[in-house]
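Here's a friendly walk through a protein model for someone meeting it for the first time. Take a look at the sequence and the structure, then read on.

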Amino acid sequence: ARQVLDVWREWRLDEQRYHALEAALPLPERSAPEESSLDERLRKGEVVRIMFVGGNEIQRQYDAAVYRELKSEWPKVEIEFAHTGWSSNWGREMDALIKAANQSDVVVLMTMMRTLLGRQLRAALQKPWTLCACTGKGGILNSLRYAARLAVQQRGG
């Protein structure tokens with residue numbers, strides 16, 4: 001639900017409707033109390049490795065800015081981007097993608113990838129994964145933040 005609102009904002013749709021939809025989110029989606037403790041752990045330097053898979057040259061343009069912004073918030077979060085584009089040669093990349101993804105703590109799968117690539121990657125993942133339905137910088141950044149919190153949450157403590 002949160003990503004739907006991110007897409008809504010990204011597309012600059014009706015602001016009043018956005019706020020009404022946001023207010024209708026279930027309480028945990030609006031304010032997660034454990035989120036601040038997860039953020040604190042990340043600010044203090046908990047190491048998280050994220051693999052982001054999907055997108056094309058447009059999303060690739062955001063990599064440096066997204067990386068800098070996330071590192072300024074959480075210095076020990078590492079991101080590996082794999083923008084697979086729409087190439088039909090994805091089968092050649094599959095083994096390397098699976099290996100890199102399973103060496104990360106969490107994987108973000110963007111909806112912008114070949115269908116069979118996404119299916120096979122999800123089937124082979126041994127790590128938690130989350131979705132990125134947005135195509136813009138803000139949505140990608142929010143997906144990476146969510147993934148980092150998910151990784152920390154999975155560790156417990």
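This is a predicted model: local features need pLDDT of at least 70, side-chain atom pairs count only at pLDDT 80 or more; totals for chains, interfaces and linings use all residues.

## Starting at Glu78

Is Glu78 buried, exposed or partly exposed? Its relative accessibility is 34%, so Glu78 counts as partly exposed.

Setting aside residues within four places in sequence, Glu78 is in contact with Val48, Arg49, Ile50, Tyr67 and Lys71.

## The whole chain

Now zoom out. The protein chain holds nine helices and four strands. Read from the N terminus, they come in the order α-α-α-α-β-α-α-β-α-β-α-β-α.

Of the 157 residues in the protein chain, buried ones make up 42%. What about contacts between residues at least 6 apart in sequence? Among these contacts, 70% join residues at least 24 apart.

In soluble globular proteins, nonpolar side chains tend to be buried together. In this model, the largest nonpolar core has 24 residues, and Val48, Ile50, Val77 and Leu144 are the ones with the most contacts inside it. The elements giving two or more residues to this core are α4 (33-43), β1 (48-53), α6, β2 (77-82), β3 (106-110) and α9. Which of them gives the most? That would be α9, with eight residues.

Not counting residues up to four places away in sequence, Leu144 touches Ile50, Phe52, Val66, Leu70, Ile79, Phe81 and Val108. There's a second, separate core too: this one has 15 residues, including Met94, Ile98, Ala100 and Met113.

## Two helix pairs

Two packed helices are described by the angle between their axes and the distance between the axes. Take helix α6 (residues 63-73) and helix α9 (residues 137-155): they pack at about 40°, and their axes are 10 Å apart. That angle makes α6 oblique to α9. Their crossing is right-handed. On the α6 side, the contact is made by Ala65, Val66, Glu69, Leu70 and Glu73, while α9 brings Lys137, Ile140, Leu141, Leu144 and Arg145. Sorted by class, the residues of this contact of α6 with α9 are six nonpolar, four charged and no polar.

The other pair is helix α7 (residues 90-103) with helix α8 (residues 115-124), packed at an angle of about 35° with axes 10 Å apart. Here α7 passes α8 in a right-handed crossing. Trp90, Met94, Leu97, Ile98 and Asn102 in α7 meet Leu116, Leu117, Gln120, Leu121 and Ala124 in α8. This contact of α7 with α8 has eight nonpolar and two polar residues, and no charged ones.

## Gln59, tucked away

Gln59 belongs to helix α5 (residues 57-60). Why does Gln59 count as buried? Because its relative accessibility is 2%, and buried means under 20%.

Who are its partners? Not counting residues up to four places away in sequence, Gln59 touches His83, Met110, Met112, Thr135 and Ile140. For Met112 there's a distance as well: Gln59 and Met112 are 53 residues apart in sequence and 9.8 Å apart in space, C-alpha to C-alpha.

Trp129 is in strand β4 (residues 129-132). With 40% relative accessibility, Trp129 counts as partly exposed. Leaving aside its neighbours within four places in sequence, Trp129 is in contact with Val107, Leu109, Arg122 and Leu150. From Trp129 to Ala101 there are 28 residues in sequence and 9.4 Å in space, C-alpha to C-alpha.

His19, meanwhile, lies in helix α2 (residues 15-23). His19 has a relative accessible area of 40%, so it is partly exposed. Along the chain, His19 and Leu5 are 14 residues apart, and their C-alpha atoms are separated by 9.2 Å.

Conventions
Residues are numbered from 1 along each chain as its sequence is written. Side-chain values use heavy atoms; hydrogens and water are left out. Axes are lines fitted to C-alpha atoms, for helices over the stretch in contact, and angles run from 0 to 180 degrees between N-to-C directions. Angles under 35 degrees count as roughly parallel, over 145 as roughly antiparallel, 65 to 115 as roughly perpendicular and the rest as oblique. A crossing is left-handed if the near helix is turned anticlockwise from the far one by less than a right angle, and right-handed if clockwise. Contact means heavy atoms within 4.5 Å. Ala, Val, Leu, Ile, Met, Phe, Trp, Tyr, Cys and Pro count as nonpolar, Asp, Glu, Lys and Arg as charged, and the others, Gly among them, as polar. A nonpolar core is a set of buried Ala, Val, Leu, Ile, Met, Phe, Trp, Tyr and Cys residues joined through side-chain atoms within 4.5 Å. Buried means under 20% relative accessible area, exposed over 50%, partly exposed in between (1.4 Å probe, protein chains only).
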